[in-house]
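Hi everyone, thanks for coming.

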Amino acid sequence: MLELRLVQGSLLKKVLEAIKDLVTDANFDCSGTGFSLQAMDSSHVALVALLLRSEGFEHYRCDRNLSMGMNLGNMAKMLRCAGNDDIITIKADDGSDTVTFMFESPNQDKIADFEMKLMDIDSEHLGIPDSEYQAIVRMPSSEFSRICKDLSSIGDTVIISVTKEGVKFSTAGDIGTANIVCRQNKTVDKPEESTIIEMQEPVSLTFALRYMNSFTKASPLSDQVTISLSSELPVVVEYKIGEMGYIRFYLAPKIEEDEEMKA
Amino acid sequence: MVKIVTYNVNGLRPRVAQHGSLRRLLDSLDADIICFQETKLSRQDLSGDVIMAEGYEAFISCNRSSRGRGPYSGVATFCRVTSAFASQEVALPVAAEEGFAGLQGSAKDNEVIGDFVLDMPMDEEDLGEITREELLRVDNEGRCIITDHGHFVLFNIYGPSIGEDDEERVRFKLLFYKILQKRWEFLLALGKRVFVVGDLNIAPSSIDRCDASPGFEKQMFREWLRSMLREHGGPFFDAFRSKHPERTGAYTCFNQKVGAEEYNYGSRIDHILISGACFHDCNSVEDHSIFHCHVEDCEIMNHFRRGDSGNISKWKGGRSSKLEGSDHIPVYMLLNGIPELPAHNTPPSAARYLPEIRGRQQSIVSFLSKRKLCEAEDGPGLNISRDRENQSCCSDDLERRSISKEELATGITEFSKGVNQPSPTSKRRNLDHWINEGSSGSSVTLLAAQGMKTSFSGVKSVSNKKNKHNLSSQPTIKSFFRRPETKPGDANINSLASSVDTVPSSVDTLPKMDELCSPQDDSLQENIQCTAAADGDPDNSNISSSLSTYKCNIATLEWQRIQQRMKMTLPLCKGHREPCIPRSVKKGSNIGRLFYVCARAQGPSSNPEANCNHFQWASVKSKGKRQ
């Protein structure tokens, strides 16, 4: 028996809108600690990790660990039927081939049940290691989203370079080049508008904008985004989900292949 | 000698950017008359940098219809001349006309041939009644520029590309060619020589197509094109085929969606057709024609093929690399013995006189009368005239401006190139280099480095040879994660980790060196860093830093393992046992469903290296009812 009651149902709606374009099908894993998901995009280049801790739910009952395969497009369709203020409850019986989403309006005068078929999805859980990063950039998520969108109209890849002065996003394409530099800025009135750079050493990495753009679909979840970079590791683009969890996107940098072997 | 080139540029702006400037693009084709198709320019955003080049006169036609998203279609003819005025050069036309039906605004006075008039409405077999509106629609898509070079009339054509089952467009294409044919016949009857060049979107015979099916030549347009040729009783010579009747595999266009360049899997749809008498003084028609007497050569300019022939990069499902350049290849024809013309000026329909390029010079009279008008009407009229004034004086130094823009742009690219070669790549290479050394215990050899590099690109090393030229590629996760589990023992991990340490830390201690090296040759940098690392090793017993790097290395190795896993879970294709690429269904009942196909480029089915047509659904299905 599984019953998860989320008062702020809009969070779940936003989560689905954030990942449904990147991942088509995925297993949601429920355990005593929380509701989580780990999935690759269809070309197996990027990885998404989602965690909603059990403490964040008003009511969290999970009798035994359960993995539910869902088509995220279909799930998003159902969640779009929930109002933004609705309370969402996820229910499933052990061994059932369906999951039920229940939407309650805030004043309890409307209750909707949506039942969705589950899928069998082969997937393997990957243990993601904790690591230290050479540079961590925290910035307004809307700003990051805007930068990725703007750059993708010029080029296919973005070079993210972090130095003491700030973080630089640059690209080049047929029509020209673009460079956007964001400086550290802690002095704003609102903390969500600050840009903070923690740097152990300068780092510069190249990423496919196609993926970056799809990561920024998570911007509605959080005012701030955290970008962690290390030259030997995939970048982590993290959006906090209130106090209850996070959504993290991992993407391996593109490598400039060497010309030297041509000779 | 007169050299004529036809080239479907697939967007003139991208080609200009690719070559640095319009002038360089034109010079690289080295021809007297250059005919571009699919310029994708619209009249609204014409600018000097894509139309005006020193030493060339341009004649352009843009799409005026609402068809197509954004700029679409469009042709342009560039003529190389030493002087735009009082010139005797054949390349400089005596007249020019946009469109082919004689209906376009600029053609109202029918410059090219005084009295070509289509009776409207008219009847044409297979087409029924054709109205003037319909004809104008066909003529409005910017598919034809006619230039009269005195000795010959040159048609620069971009033929419609259509789906076989789109009836409206089939009729469109048929009408397009039927009217053209009428005009050609009219000109030929006047005794003019007619050259037709361009992307006709028709491959005349099976030999011009990679995968021609048995009924290939039966198709209506191919039959029509053949009927135009001398071999089938028509007036024209297909200059390329007539020069090279037996040559197979001669293609000018490659489908970009399937990576057709890689296995020369294309079609020949860019043509130069030529018809008319020679310049010799003799009356026997036999063995004498402009083709027999004056065409020296006609060839496909294969060096313009995308991705420099010889080392075309692997297609890999189109994701890994974007090929630079057009999906077409230019074709040229060389004519000899063409006499000069009497001195003539650039015709007024040249691009240099377009208001978008040149601005409008108003006569003082109109200015004064406007002033009067303003006084009567107040403010707004005055503003307009001021704007106009600005416009015209701006355009005066337009050419100069565009040149300086160009220099600026190249400056930027060079600069950004410098920036684009950051050290992480080489660092990583070094790192892997050292990992290699550490785990195998062998001394550093070039061989080890080579092996490592091949594994980088993520495909089996055997099939990988061509692959290294991709400038940048999305690493398959595999590249991160070489030999994760094959470590013989703990001791090895340690030695591995410690040898890994040396690289980043030595880089720290030698930042200056790093900087010095970066702009230089890769191998040099590698050498320096290697020796630096070796020297640095004993000094670097800074325990705390090596501890944290150790932790970092563990994470790196772990990530390498994860990415390896991710890659391994991609399905392999049956033909080559290589990872597939994902696609999703775009229409029909299965819309949105994911499937995997072979990542290789399309090629002849006889070639086992080409796409193996592997197909499999992503393994997801609804859960069945469980009892």
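I'll start with chain A, then turn to the cores.

First, some housekeeping. This is a predicted model, where local features need pLDDT of at least 70, side-chain atom pairs count only at pLDDT 80 or more, and totals for chains, interfaces and linings use all residues. Residues are numbered from 1 along each chain as its sequence is written, while chains are lettered from A and ligands numbered from 1 in the order in which they are written.

So, chain A: it has four helices and 20 strands, these being DSSP runs (H or I, at least four residues, for helices; E, at least two, for strands) numbered from the N terminus. Of its 263 residues, 46% count as buried, meaning 20 or more other C-beta atoms, placed from the backbone, lie within 10 Å of the residue's own.

Now look at β8(A), residues 98-104, and β9(A), residues 111-117: they run antiparallel, joined by seven bridges. Strands pair if DSSP finds at least two bridges between them. Across this pair, Met102(A) stands opposite Asp113(A). The two strands form a hairpin with six residues between them, and Gln108(A) in the turn has a positive phi of about 65 degrees.

On to the cores. Which residues touch the most other members of the largest nonpolar core? They are Ile4(B), Ala58(B), Ala239(B), Ile272(B) and Ile274(B), in a core of 92 residues. Such a core is a set of buried Ala, Val, Leu, Ile, Met, Phe, Trp, Tyr and Cys residues joined through C-beta atoms within 7 Å. Helix α5 of chain B, residues 167-189, gives the largest share, seven residues. A second, separate core of 78 residues includes Ile147(A) and Cys148(A).

Conventions:
Buried ≥ 20, exposed ≤ 12 C-beta atoms within 10 Å, placed from the backbone.
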